[in-house]
Amino acid sequence: MNAVNIENAKVFLSGREILHNINWQVKRGERCFILGANGAGKTTLVRMLMGYAWPVFGATVEVLGHRFGTVNLQELRKRIAWVSPLMHQWLGDREWTGREMVLSGPDATIGLFREPTAEEEDRAAALMESLRATHLMERKVLTMSSGEQVKVLIARALMTNPELMILDEPSVYLDIAGREFLLNTIDELAAAHPQLTIIFITQRIEDILPTPRHGKPVEINAYWYNALRIMDIFAEKLGKDKKDYAQLAEQVKASFLAKFYMEDKGYLKDVVSGTKADEQIRCNQIWAVSMPFGMLSAQQEQSVVDTVRRHLHT
């Protein structure tokens, strides 16, 4: 199921076309980067996803399975976390603490205007601890660095257990150290919440992280099998005992076929971690079928290549 589905979307602001014929889908649990220069329409795209900017008639905008025009946007927004460094500018002269900012998340307000429940207090503390930001709980937000403020905003966003997180140029005002600090935080966040769909918007190509993958990646297991087969050959040439390498290679092959190949779908899982697996179709599985020593049959390999070509080739 798609977290985002946009079809034939055109957006005009003050008579000027900002977005032209946007067709875009993001599956649930995917992590997507949008790279563009200032004025490219990135923020307008975010506003459209949040229901603050509307395309002209004839477009389709669906977020988290709900089509705009048929859904209560105020309720839908509670399932979306929008993190922007510009949000701290809405503080005005109020000296909110990190704790108060985080606790304002369920109400979608900037700052706390009611007494939080004990459950909310516990959740806020747990989120800040998970982001290694407990020390910011009683600090005034206006005294924090830009990187620290963004951490508080991420914790605030997670208070509602969002299904979609939009990071709208979160590193735009950060120095090098702050940027690295933030990107590490986002990487850890992605690992801790594998079900969370993340859209990261930036104008800097260096902000783009490798796809977070936690567990046993398909290509690494293929490399390991090939390493064992190569060691088996070298052992024979050097007159060494090769029994252990051959046996281990066969064990790896049997495990790989059982855990990674999906006969009903005709391709390989991307990552396996315990009883969980990521079935997203990525190009990495091509490496697994292009090694000198393959673990799949010729028919299975062809099915993997055909599936990747069908879904990823542009």
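**Close-up views of aromatic rings**

**View 1. Arg-77 places its charged end over the ring of Tyr-52, 4.1 Å from the ring's centre.** A charge sits over a ring when NZ of Lys or CZ of Arg is within 6 Å of the ring centre and within 35 degrees of the ring normal. This is a predicted model, in which local features need pLDDT of at least 70 and side-chain atom pairs count only at pLDDT 80 or more, while totals for chains, interfaces and linings use all residues. Residues are numbered from 1 along each chain as its sequence is written, and side-chain values use heavy atoms, leaving out hydrogens and water.

**View 2. Phe-33 and Phe-200 belong to the five aromatic pairs of the structure.** Rings of Phe, Tyr and Trp (its six-membered ring) pair if their centres lie within 6.5 Å; planes under 30 degrees apart count as stacked, over 60 as edge-to-face and the rest as tilted. Here the pair is tilted, at 5.1 Å centre to centre with 35 degrees between the planes. Phe-33 comes from strand E3 (residues 31-35) and Phe-200 from strand E8 (residues 197-202), so the pair ties together parts 167 residues apart in sequence. Strands (E, at least two residues) and helices (H or I, at least four) are DSSP runs, numbered from the N terminus.

**View 3. How accessible are Phe-33 and Phe-200?** Phe-33 is partly exposed, with a relative accessible area of 25%, whereas Phe-200 is buried at 1%. Buried means under 20% relative accessible area, exposed over 50%, and partly exposed in between (1.4 Å probe, protein chains only).

**View 4. Tyr-52 and Trp-82 form a tilted aromatic pair.** Their centres are 6.2 Å apart, with 35 degrees between the planes.
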